[in-house]
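Hi,

Here is the structure I promised to pass on. Have a look, and my notes follow below.

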Amino acid sequence: MTVELQHIRAARERIAGKVERTPTVPSQSLSDHAGHPVHLKLEHHQTTGAFKLRGASNAIAALSAEEKSRGVVAASTGNHGRALAHAAKLEGIRAVICMSRLVPENKLDAIRRLGADVRIVGNSQDDAQQEVDRLVAEEGLVMLPPFDHPDIIAGQGTLGLEIMEQVPDAAEVLVPLSGGGLAAGVAAAVKGVSPSTKVIGISMARGAAMKASLDAGHPVQVEELPTLADSLGGGIGLDNRLTFAMCRGLLDDVILLSEGEIAAGIRHAYELEREIVEGAGAVGMGALLAGKVKVSGPTVLILSGRNIDMSLHRRIVCGEAITERAA
Ligand SMILES: *Cc1c(COP(=O)(O)O)cnc(C)c1O
């Protein structure tokens, strides 16, 4: 099973009017730096502050009336939970979001305010997932996972369709990478429209589960560590069904960034582009600034989210030493 252009086009029809079509703008500072036109896909301005609303809206819209009546449940590092809570509220259905203690407080509050039932369990996404499994078995809720689900991947892929309409000559697209729902969906859309366009995944070096799995040739578990790119935390699931194979088949490269390189991306977004982005949303900028990607032509960076704790953001842009935080 895989997700293809036709599924992504169907997702776009289904979520029309429920999500924003976000703008793509040129970046003078990064174009000068890269020697090629660099464009920023401003997806952090999406409703709920991250692209996750695309997948969540598509997956909820695809449920049957009977499934909607049971309600939905998911484990989340924050943004998927918020998106699911928002989409569920619009449909008038119940949502339960299970999270680990690593999820920042600002993200918890936002989800609670949307009326979802929030459960905090354990110290990792895997712990949170155990509670999800229990709720599915005991209360009959429908699980809508954050990335490894065809309707979630197809929804995230709608971002790739927009990119290819906004920058039809894109040579490279830089995508933040965690569980790979975004990267798989975007790569399927981008390569479906323009097979020669390269799609490059970017993760933090601290706990990059997809990169470790691609290197091993099968899904592996890595230790989850605190990182400035908290939305990129978590494993890909040892029983991964879709995103591992899709990322292996579709991504041209995967790049890892240090905490200092991620902080530099957040700072650059703020100082030069006047944009507030969270760590996960800043990895494209961080990778370009660090010289870790060689671009060959017009390049698009996805600014995937903005849900950063603002006191942390202040400390980063003030240049306070947030480099390699101790484990
Ligand atoms: C979830 C998320 C990602 C990573 O998406 P995956 O589909 O898990 O790879 C990147 N950026 C932000 C802001 C996110 O919330």
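Which side chain has an N or O atom 2.7 Å from a nitrogen atom of the ligand? That is Ser304, and the pair counts as a polar contact (N or O atoms within 3.5 Å). Taken alone, the ligand exposes 380 Å², of which the protein buries 98% (Shrake-Rupley areas, 1.4 Å probe).

Before the rest, a word on the model: it is predicted, so local features need pLDDT of at least 70 and side-chain atom pairs 80 or more, while totals for chains, interfaces and linings use all residues. Numbering runs from 1 along each chain as its sequence is written, and side-chain values use heavy atoms, without hydrogens and water.

As for the fold, the domain assignment (automatic or from a database) gives domain 1 as 5-50 + 149-317 and domain 2 as 53-143. Their centres, taken over C-alpha atoms, are 22 Å apart. Where they meet, 31 residues of domain 1 are in contact with 23 of domain 2 (heavy atoms within 4.5 Å).

Cheers

Technical notes. A polar contact is a pair of N or O atoms within 3.5 Å; within protein, one must be able to donate a hydrogen and the other to accept it, and residues adjacent in sequence count only if both atoms are side-chain atoms.
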